[in-house]
Amino acid sequence: MSEDRHGTAGAAADRLTRRAVLQRWTRAGGGLGALGLLAACAGGDIGEAPQVTPAPPPTAQQLGTGGTVVALLLPLGAQGNAGIVALSMKNSAELAVVEAGGGDIRLVVKDDLGTAQGARMAAEAAVAEGAKVVIGPLFAHSVAAAAQVTRPLNIPVIAFSTDANVAGNGVFLLSFLPSGDVERIVRFEVSQNRRSFAALLPESAYGTVVEGALQQTVASAGGRVAVMERFGTDRAKMGEVARRIAPALAQADVLFIPDTPDQVLQMVQMLAANGVDLKRLRLAGTGLWDDQRLISDAMFDGAQFAAPDLSGWRAFSERYRARFGADPVRTATLSYDAVSLVTAVVRASGPDGVSIAALSSASGFSGVEGAFRFRADGTIERGLAVMEIKAGAVQVASPAPRSFAQL
């Protein structure tokens with residue numbers, strides 16, 4: 001998986017959004033788990049920046065003065081966008097330590113170089129220094145390597161991969177998953193008595209993950225999938241899919257198209273040209289739809305999609321800019337939340353309180369992006385909002401739950 005982004009490091013940080021990363025995965029080749037950070041980017045490109053090599057960081061850096069040692073493993077010395085993302089995530093972890101007062105934990109930052117060997121060596125060094133928990137790494141292969149060190153010692157890992165194959169048995173994935181978007185929007189539509197779903201899914205790894213989540217969630221919610229088609233980027237073939245599926249849409253309440261804005265716009269235009277009444281259908285999508293091109297298009301008035309509550313992100317960004325003089329990457333909140341979570345557990349349970357059992361709490365936790373908790377398999381469940389496009393703007397159709405007691 002390539003690891004590039006556009007512009008300088010600052011510009012790349014500004015534009016490395018959750019939506020953009022998801023876009024890269026939806027149409028990228030490759031299998032799941034090639035890169036483990038960022039909202040569902042598990043095979044394919046992160047972005048579009050030139051290959052920029054950050055300045056070599058120190059071998060290790062310590063933040064905070066607490067008695068509980070916490071290791072943060074990031075590819076700070078990696079080339080390209082991985083190093084840019086790692087720096088922003090390191091900064092956000094520092095922000096979390098500072099805002100918490102710095103007296104609860106001692107965060108030891110280690111460069112894993114973005115490789116399995118580097119991650120293993122970093123994990124071994126962290127364990128030797130008494131780490132009670134490991135935060136990171138970013139890449140799935142790095143997570144697997146670090147877990148070989150931590151699992152025999154029952155040291156939990158809070159990683160950022162989206163590859164479920166490396167989760168579980170003490171490894172928790174603090175990431176954005178497309179399955180969460182699917183579940184939120186489907187259950188909301190069913191609650192509004194829209195039970196018949198039509199789906200147009202991208203021919204990609206992202207589409208495959210979404211398809212499985214859609215079928216499972218629709219069935220468990222009491223709905224049905226009336227028709228489902230996969231489509232690629234070729235316009236002629238897209239037109240064939242649109243003509244083929246158009247008659248079947250008369251039997252559906254919801255048309256679900258979890259794809260990039262460009263592809264969604266083209267497909268919806270083709271459906272309209274084939275006589276589909278888009279005002280009768282509820283257009284629905286995932287967080288990919290958080291894009292001005294869709295929001296400003298009259299065809300999408302009334303369309304809905306699932307996404308985190310943005311208020312926490314905005315407040316976090318302001319604090320980050322005030323401290324570091326630059327914008328954070330969109331997923332910098334992950335390391336901030338991981339450090340904040342560990343700090344809260346230490347405060348509640350003492351220096352040795354960070355354990356696999358403590359991180360498995362069914363009541364969950366509160367983070368920048370809202371409520372979240374870890375499932376038994378180590379993957380994450382998030383409290384998301386349902387957003388609705390109205391008159392060229394986005395409004396909240398259903399707020400994100402503040403705790404899992406509301407679910």
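The following questions and answers concern a predicted model of a protein chain.

Reader: How many helices and strands are there in the protein chain?

Author: The predicted chain has 407 residues, and buried residues make up 58% of them. Its accessible surface comes to about 15,200 Å², of which 49% belongs to carbon and sulfur atoms. As for its elements, the protein chain contains 13 helices and 16 strands.

Reader: Among contacts between residues at least 6 apart in sequence, what percentage join residues at least 24 apart?

Author: A contact here means heavy atoms within 4.5 Å. Of the contacts in the protein chain between residues at least 6 apart in sequence, the share that joins residues at least 24 apart is 70%.

Reader: Is helix 3 roughly parallel or roughly perpendicular to helix 11?

Author: Helix 3 spans residues 81–99 and helix 11 spans residues 310–324; their axes are 11 Å apart and the packing angle is about 95°. Angles of 65 to 115 degrees count as roughly perpendicular. Therefore helix 3 and helix 11 are roughly perpendicular.

Reader: How many residues of the contact of helix 3 with helix 11 are charged?

Author: Helix 3 contributes Ser88, Asn91, Ser92, Glu94, Leu95, Val98 and Glu99, while helix 11 contributes Phe316, Arg319, Tyr320, Arg323 and Phe324. These residues divide into 5 nonpolar and 3 polar, and the number that are charged is 4.

Reader: Is the crossing of helix 4 and helix 5 left-handed or right-handed?

Author: Helix 4 (residues 116–128) and helix 5 (residues 140–150) pack at an angle of about 35°, with their axes 8 Å apart. Their contact includes Ala116, Ala119 and Ala123 of helix 4 and Ala145 and Ala146 of helix 5. The residues of this contact divide into 7 nonpolar, 3 polar and 2 charged. The crossing of helix 4 and helix 5 is right-handed.

Reader: Is Leu113 exposed or partly exposed?

Author: Leu113 lies in the loop between strand 3 (105–111) and helix 4. Its phi is positive, about 65°, although Leu113 is not a glycine. Because its relative accessibility is 48%, and exposed requires over 50%, Leu113 is partly exposed.

Reader: Is Asn193 buried or exposed?

Author: Asn193 lies in the loop between helix 6 (178–191) and strand 7 (196–202). Phi of Asn193 is near 65°, a positive value in a residue other than glycine. Because its relative accessible area is 60%, and the cut-off is over 50%, Asn193 is exposed.

Reader: With which residues is Asp309 in contact, leaving aside its neighbours within four places in sequence?

Author: Asp309 lies in the loop between strand 11 (304–307) and helix 11, and it is partly exposed, with a relative accessible area of 37%. The C-alpha atoms of Asp309 and Val396, 87 residues apart along the chain, are separated by 8.8 Å. Leaving aside neighbours within four places in sequence, the residues in contact with Asp309 are Glu369 and Ala400.

Terms used:
Residues are numbered from 1 along each chain as its sequence is written. This is a predicted model: local features need pLDDT of at least 70, side-chain atom pairs count only at pLDDT 80 or more; totals for chains, interfaces and linings use all residues. Side-chain values use heavy atoms; hydrogens and water are left out. Helices (H or I, at least four residues) and strands (E, at least two) are DSSP runs, numbered from the N terminus. Buried means under 20% relative accessible area, exposed over 50%, partly exposed in between (1.4 Å probe, protein chains only). Accessible areas come from the Shrake-Rupley method with a 1.4 Å probe; for residues, only the protein chains shown count as cover. Axes are lines fitted to C-alpha atoms, for helices over the stretch in contact, and angles run from 0 to 180 degrees between N-to-C directions. Angles under 35 degrees count as roughly parallel, over 145 as roughly antiparallel, 65 to 115 as roughly perpendicular and the rest as oblique. Ala, Val, Leu, Ile, Met, Phe, Trp, Tyr, Cys and Pro count as nonpolar, Asp, Glu, Lys and Arg as charged, and the others, Gly among them, as polar. A crossing is left-handed if the near helix is turned anticlockwise from the far one by less than a right angle, and right-handed if clockwise.
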